[in-house]
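Below is a set of questions and answers for a reader new to this structure. Each answer works towards the value or name asked for.

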Amino acid sequence: MSRLTLVVVLACVGLVAAQTPVSQLGSVDIGALLADSAKLEALMKCLLDDSDGSCTADGKIVRRLVEETIKNDCTDCAEPQKTAMTKFMVYISNSKPEYVPKLQAKYDPTGEYRAKHAEALRAKGVKV
């Protein structure tokens, strides 16, 4: 297979993955990612990088879920995905607060999501 063919095939696979409905992305064992410091560091690198180069398959799913949560309250997410995002936000805000400003700067730079959902987030245990 020529390099050009390989590049075209990989580009097509990437486009299909990007167009996959959120509810069909599958689930991530967010508890396992949060419990393993190496996996958590890799996840945070993925979330904070601008490219997918440093992302594992789980990292790409979490990134997409974070984006969907901020963009439209994860309305198209399945319940397990919403639960995973809540668990992620609670953990990061309480156990790894040094990441909060970085994540907010990237995913909610205007503070619109945070302002709109502050009360609900606090009720779930997220430090806002």
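Q: In which helix is R64 found?
A: The model is predicted, and its helices are numbered from the N terminus. Helix α4 covers residues 57–72. R64 is found in helix α4.

Q: Is R64 buried or exposed?
A: A residue counts as buried when its relative accessible area is under 20%. The value for R64 is 17%. R64 therefore counts as buried.

Q: What distance separates the C-alpha atoms of R64 and L47?
A: R64 and L47 lie 17 residues apart along the chain. The separation of their C-alpha atoms is 9.3 Å.

Q: Are the helices α4 and α5 roughly parallel or roughly perpendicular to each other?
A: The axes of α4 (residues 57–72) and α5 (residues 79–95) come within 10 Å, and they cross at roughly 90°. Angles from 65 to 115 degrees count as roughly perpendicular. The two helices α4 and α5 are therefore roughly perpendicular.

Q: How many residues of the contact of α4 with α5 are nonpolar, and how many are charged?
A: On the α4 side the contact has V62, L65, V66 and T69, and these meet Q81, M85, F88 and M89 of α5. Of the residues in this contact, 2 are polar.

Q: Which helix gives the most to the lining of the second largest pocket?
A: This pocket has a volume of about 200 Å³. Its lining residues include T69, M85 and M89, which also take part in the contact of α4 with α5. Both α5 and α7 (112–124) supply at least two residues of the lining. The helix that gives the most, with 5 residues, is α7.

Q: How many charged residues are in the lining of the second largest pocket?
A: Among the residues that line the pocket are D73, K82 and K124. By class, the lining has 6 nonpolar and 3 polar residues. The number of charged residues is 3.

Q: How many helices does the chain have?
A: Along the sequence the pattern reads α-α-α-α-α-α-α. The chain has 0 strands, and its helices number 7.

Q: What percentage of the contacts in the chain with a separation of 6 or more comes from residues 24 or more positions apart?
A: The chain has 128 residues, and buried residues make up 32% of them. Among contacts with a separation of 6 or more, the share from residues 24 or more positions apart is 60%.

Methods
Residues numbered from 1 in each chain as written. Predicted model: local features only at pLDDT ≥ 70, side-chain atom pairs only at ≥ 80, totals over all residues. Heavy atoms only, no water. Axes fitted to C-alpha atoms, helices over the stretch in contact; angles between N-to-C directions. Helix = DSSP H or I, 4+ residues; strand = E, 2+ residues; numbered from the N terminus. Parallel < 35°, antiparallel > 145°, perpendicular 65-115°, else oblique. Contact = heavy atoms within 4.5 Å. Nonpolar A, V, L, I, M, F, W, Y, C, P; charged D, E, K, R; others polar. 1 Å grid on protein atoms, 1.4 Å probe; cavity = no way out; pocket = protein on both sides within 12 Å on 5 of 7 lines; lining within 4 Å. Points joined across faces, edges and corners; volume = space filled by probe spheres on them. Buried < 20%, exposed > 50% of the residue type's maximum accessible area, 1.4 Å probe, protein only.
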